[in-house]
Structures are given as C-alpha cells and as structure tokens.
Amino acid sequence: MMETDCLFCRIVAGEIPATVVRETDTTLAFRDIAPKAPVHVLVIPKEHYADVVTLTEADPGLAGDVLGTAAVVAETEGLVADGFRLIFNTGPYGGQEVFHAHAHVLGGEPLGPMLAR
Ligand code: 5GP
Ligand code: ZN
C-alpha cells in the first residue's frame with residue numbers, strides 16, 4: 001500500500017525522480033541523493049514498511065528480496081572483491097531519517113571504522 005506522504009513510496013510511484021540501478025517485481029535500487037561513499041545505493045521494498053523490523057516480521061520473503069537485490073547491486077557495482085557495507089539504520093538511535101525500510105549499499109573505498117565516535 002502506497003503512503004502518499006512517504007518519500008520512497010513517491011519514488012516507487014515515479015512522482016519523484018531517482019537514478020535507478022536495478023528494479024525487480026518487489027524491490028527498487030537507486031542512488032542516494034547525498035552519497036557517503038563512491039558507491040551509495042539504497043535498496044527498498046516497493047511495498048511500504050516503516051523499517052526493517054516491521055518489514056521482516058510482516059513479510060520475511062520480501063525482506064529476503066531486499067537482501068537479494070542488495071547482493072546483485074554489490075556485484076554489478078563491482079564491490080564484492082574489495083568488500084562493502086550493508087546498513088539498515090533503524091529508529092532514533094540508528095539515525096533513521098526516512099521511515100520506509102531501506103538498505104544502504106556502501107563501497108568503492110575503505111569505509112573506515114564501523115561507528116563514528
Ligand atoms: P536513513 O538516514 O533514513 O537511513 O537514510 C535515508 C537516506 O535517504 C539518506 O542517505 C539520504 O541521503 C537519502 N535521501 C533522502 N532524500 C532522498 C531523495 O529524495 N532521493 C534519494 N535518492 N535519496 C534520498
Ligand atoms: Zn513508503
């Protein structure tokens with residue numbers, strides 16, 4: 001179900017442009033508008049779930065689809081040999097800003113320590 005005030009639902013609907021790198025029946029992968037690394041792709045389920053916990057509890061198969069698309073994106077972006085990072089920011093402590101579940105695929109250079117302190 002589309003949430004009309006959700007940024008990523010509007011990207012899925014084509015109402016807001018995005019640089020799409022991969023699309024499946026159930027997922028969409030597009031470049032982050034403010035990349036934090038040379039490669040920074042967001043992978044989302046087309047269906048709206050607020051975060052990865054809600055998504056996985058409601059539809060574990062769809063959560064698997066998101067992981068599958070993230071893995072293919074990592075391959076096609078050439079990240080697998082040197083390695084990369086896959087992140088689901090969740091809730092206030094996780095720094096989540098967009099409340100439509102999404103995986104960040106980050107790579108293309110050494111990414112440094114896991115957490116900035
Ligand atoms: P979060 O902090 O919720 O894990 O990540 C949200 C991400 O969405 C951020 O990295 C931010 O740069 C990205 N973002 C925010 N607005 C847009 C947009 O309109 N288009 C795209 N492609 N990315 C966006
Ligand atoms: Zn949404």
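Student: Is Phe84 buried, partly exposed or exposed, and why?

Tutor: In this predicted model, Phe84 is found in strand β4, which spans residues 84–87. Its relative accessible area is 34%. Buried would require under 20% and exposed over 50%, so Phe84, with its 34%, counts as partly exposed.

Student: How many Å separate Phe84 and Pro110 in space, C-alpha to C-alpha?

Tutor: Along the sequence, Phe84 and Pro110 are 26 residues apart. In space, the separation of Phe84 and Pro110 from C-alpha to C-alpha is 8.2 Å.

Student: Turning to the ligand, which element gives the most residues to the shell around ligand 1?

Tutor: The elements that each supply at least two residues of the shell around ligand 1 are α1 (7–12), β2 (27–31) and β3 (39–45). By class, that shell has 8 nonpolar, 6 polar and 4 charged residues. The element that gives the most to the shell, with 3 residues, is α1.

Student: Which residue has a polar side-chain atom 2.8 Å from an oxygen atom of ligand 1?

Tutor: Of the 18 residues around ligand 1, those that come nearest are Asp32, Glu97, Val98, His102 and His104. Val98 places a backbone N or O atom 2.9 Å from an oxygen atom of the ligand, while a polar backbone atom of Ile33 is 3.3 Å from a nitrogen atom of ligand 1. The residue whose polar side-chain atom lies 2.8 Å from a ligand oxygen atom is His104.

Student: What percentage of the accessible area of ligand 1 does the protein cover?

Tutor: Ligand 1 sits in the largest pocket. On its own, ligand 1 has 520 Å² of accessible area, and the share of this that the protein covers is 86%.

Note on methods. Residues are numbered from 1 along each chain as its sequence is written. Chains are lettered from A and ligands numbered from 1 in the order in which they are written. This is a predicted model: local features need pLDDT of at least 70, side-chain atom pairs count only at pLDDT 80 or more; totals for chains, interfaces and linings use all residues. Side-chain values use heavy atoms; hydrogens and water are left out. A residue is near a molecule or strand if one of its heavy atoms lies within 4 Å of it. A polar contact is a pair of N or O atoms within 3.5 Å; within protein, one must be able to donate a hydrogen and the other to accept it, and residues adjacent in sequence count only if both atoms are side-chain atoms. Accessible areas come from the Shrake-Rupley method with a 1.4 Å probe; for residues, only the protein chains shown count as cover. On a 1 Å grid over the protein atoms alone, a cavity is a set of points where a 1.4 Å probe fits but cannot get out, and a pocket is an open set with protein on both sides within 12 Å along at least five of seven lines; lining residues have an atom within 4 Å of a point. A molecule sits in a cavity or pocket if more than half of its atoms lie within 2 Å of its grid points. Helices (H or I, at least four residues) and strands (E, at least two) are DSSP runs, numbered from the N terminus. Ala, Val, Leu, Ile, Met, Phe, Trp, Tyr, Cys and Pro count as nonpolar, Asp, Glu, Lys and Arg as charged, and the others, Gly among them, as polar. Buried means under 20% relative accessible area, exposed over 50%, partly exposed in between (1.4 Å probe, protein chains only).
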